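Subject: The structure we talked about

Hi,

Here is the structure I promised to send over. Have a look at it first, and then read my notes below.

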Amino acid sequence: MALSLCGSAGAANVGELACDVAKGVAKKIFIFNGTFQSSDYTDENTFFAAFVANALLSKTASNKVLPIKEIQDVADNSEADKTGSLGLGFSQRLVEGRPKYTFKFFAGADLLKRYRTYDNKTVRVLEYDANGVLWGTKSGTNFQGYQAKLTFSGGKLATGQNVEEGVVTMTVSILSNSEYLNNSYYVQIDENIEDAISLLDSPLAYVSKASNVYKYSVLIPGASLISTYNVLPDYGTAIAALMANFTAKSGASAAAAPTGTALAITAMAYNTGGDGLLTVTYDPTAFAAAGAFIYLAGPTPLQLNTGSVVGIELLSVVHAK
Amino acid sequence: MNTLVFEGVAFNADLAAKISEAQFLKEHGHHDLSDEQLKQVHALAMNTVKSAPKEAPVKPDIKLIKEDGKVADEKELAALTAKPVVKPAEQK
């Protein structure tokens, strides 16, 4: 009988399940700093519904899922293990290297600016592979992303020797082998992963007023010097129809307005008089009593999506009355 | 909030129904709608709010336990909590 402490030292049996799942070729990365609780992953459909819904959260929500574009090139740049050896030939791993990947995907100047806001940031990421499996880790019963530091680069002139135009390079440096190697968990996704969509920041901005009738623009900021993208010609009427989901408040200062007194909206229309703007009419009585600053917040991305306004997040505005 | 969307213009029907037609015309004349259309919207708002299901009145949570230990039923409670009828003073 062998004398061994292995069993009591946490060693596992080493049997293998049929059809065991391994990580496939990288396809997508999702920035996800939140958690999926056990009630979110009771089955695959429940998980996928929660996953898609989280992509439609506001960017300020802790459980927001941010999909990065589909990977077109992948390189494993993991740090090699450091080894040491003794004079007679024994070699041993001294320090285990940590995984690091370099991904390439397509993004123009606009999107690169948005990705660069995550440059050199430590976040959590979920991996989705070409076999349709989503990978992450667990803390207690919560499913979450791996801790990773991201960098984004690109936007350089092409040389005409390789596919370089519009190619953005992202590196993902994994922080914890404990999470990544010892505690990886997966969920098979049979639905279309592209159902989890990316949103565009679309700020409401005050343009003009005539007593209690205000005009607002919704322009997506980008890299174009001459023109920002105007959302309203596409979605203005649909946004106005979601008037019930708008919130207006007023306060004595800009800081107080978002938590100030409610200001009722009586009507909303797009392109009144052919100006291409959103016209918001405030209740005259409430407006007369309103504070010096007005806060206007639009519907949530989910409400917009339900109202056929797809792919944007309306950002609130505070302006002088 | 009940919202009426008329020719692409969204109206807060609840607020519209609270004001007179003249007031509504005055407040919403800046939209690309004629007075006739605005009158139509106001009438629709009135009908929308009228036909909206009203919430059941909230009953106060009052329970009266009588001297004999029995709980007074609704009829008894109503009789006890009714305002006293003050008879007008007899004219001299």
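A cut-off to start with: a residue is called exposed when its relative accessible area is over 50%, buried when that value is under 20%, and partly exposed in between. Ser211(A) has a relative accessible area of 53%, so it is exposed. Please keep in mind throughout that this is a predicted model.

Ser211(A) lies in the loop that links β13 (200-210) to β14 (213-220) in chain A. Its phi is positive, about 50°, even though Ser211(A) is not a glycine. For background, most residues other than glycine have a negative phi. Cys19(A) is another non-glycine residue with a positive phi, in this case near 60°. You will find Cys19(A) in the segment before β1 of chain A. Its relative accessibility is 76%, so Cys19(A) also counts as exposed.

Now the overall picture. Chain A contains six helices and 22 strands. Its C-alpha atoms fill a box of roughly 90 × 50 × 35 Å along the principal axes. The radius of gyration of chain A is 25 Å, whereas a compact globule of 321 residues would have one near 20 Å. Of those 321 residues, 38% count as buried. The chain exposes about 16800 Å², and 53% of that comes from carbon and sulfur atoms. If you take contacts between residues at least 6 apart in sequence, 69% of them join residues at least 24 apart. As for charges, chain A has 23 positive and 27 negative ones, and their mean positions are 10 Å apart.

How much of β7(A) is buried? Seven of its nine residues are, which leaves the strand mostly covered. Here are the pairings of β7(A) that I noted:

- With strand β1 (residues 26-32), β7(A) runs antiparallel and is joined by five bridges. Across this pairing, Ile29(A) sits opposite Glu127(A) of β7(A).
- With strand β10 (residues 146-153), the pairing is antiparallel over five bridges. Here Val123(A) has Ala148(A) in β10(A) as its bridge partner.
- With strand β8 (residues 133-139), there are two bridges, and the two strands run antiparallel. Tyr128(A) is opposite Leu134(A) in β8(A).

Is Lys215(A) buried or exposed? Its relative accessible area is 16%, and the limit for buried is under 20%, so Lys215(A) is buried. Lys215(A) is part of strand β14 of chain A. Leaving out neighbours within four places in sequence, Lys215(A) is in contact with Ala205(A), Tyr206(A), Val207(A), Ser208(A), Thr272(A), Asp275(A), Leu277(A), Leu278(A) and Thr279(A). To give you a sense of distance, Lys215(A) and Gly251(A) are 36 residues apart in sequence, and their C-alpha atoms are 19 Å apart in space.

The other residue is Leu111(A), which belongs to helix α2 (residues 109-116) of chain A. From Leu111(A) to Trp135(A) is 24 residues in sequence and 25 Å in space, C-alpha to C-alpha.

That is what I have for now. Over to you!

Cheers

Conventions:
Residues are numbered from 1 along each chain as its sequence is written. Chains are lettered from A and ligands numbered from 1 in the order in which they are written. This is a predicted model: local features need pLDDT of at least 70, side-chain atom pairs count only at pLDDT 80 or more; totals for chains, interfaces and linings use all residues. Side-chain values use heavy atoms; hydrogens and water are left out. Helices (H or I, at least four residues) and strands (E, at least two) are DSSP runs, numbered from the N terminus. The radius of gyration is taken over C-alpha atoms; the globule rule is 2.2 Å times the number of residues to the power 0.38. Buried means under 20% relative accessible area, exposed over 50%, partly exposed in between (1.4 Å probe, protein chains only). Contact means heavy atoms within 4.5 Å. Accessible areas come from the Shrake-Rupley method with a 1.4 Å probe; for residues, only the protein chains shown count as cover. Lys and Arg count as positive and Asp and Glu as negative; His and the chain ends are not counted. The place of a charge is taken as NZ of Lys, CZ of Arg, CG of Asp or CD of Glu. Two strands pair if DSSP finds at least two bridges between them.
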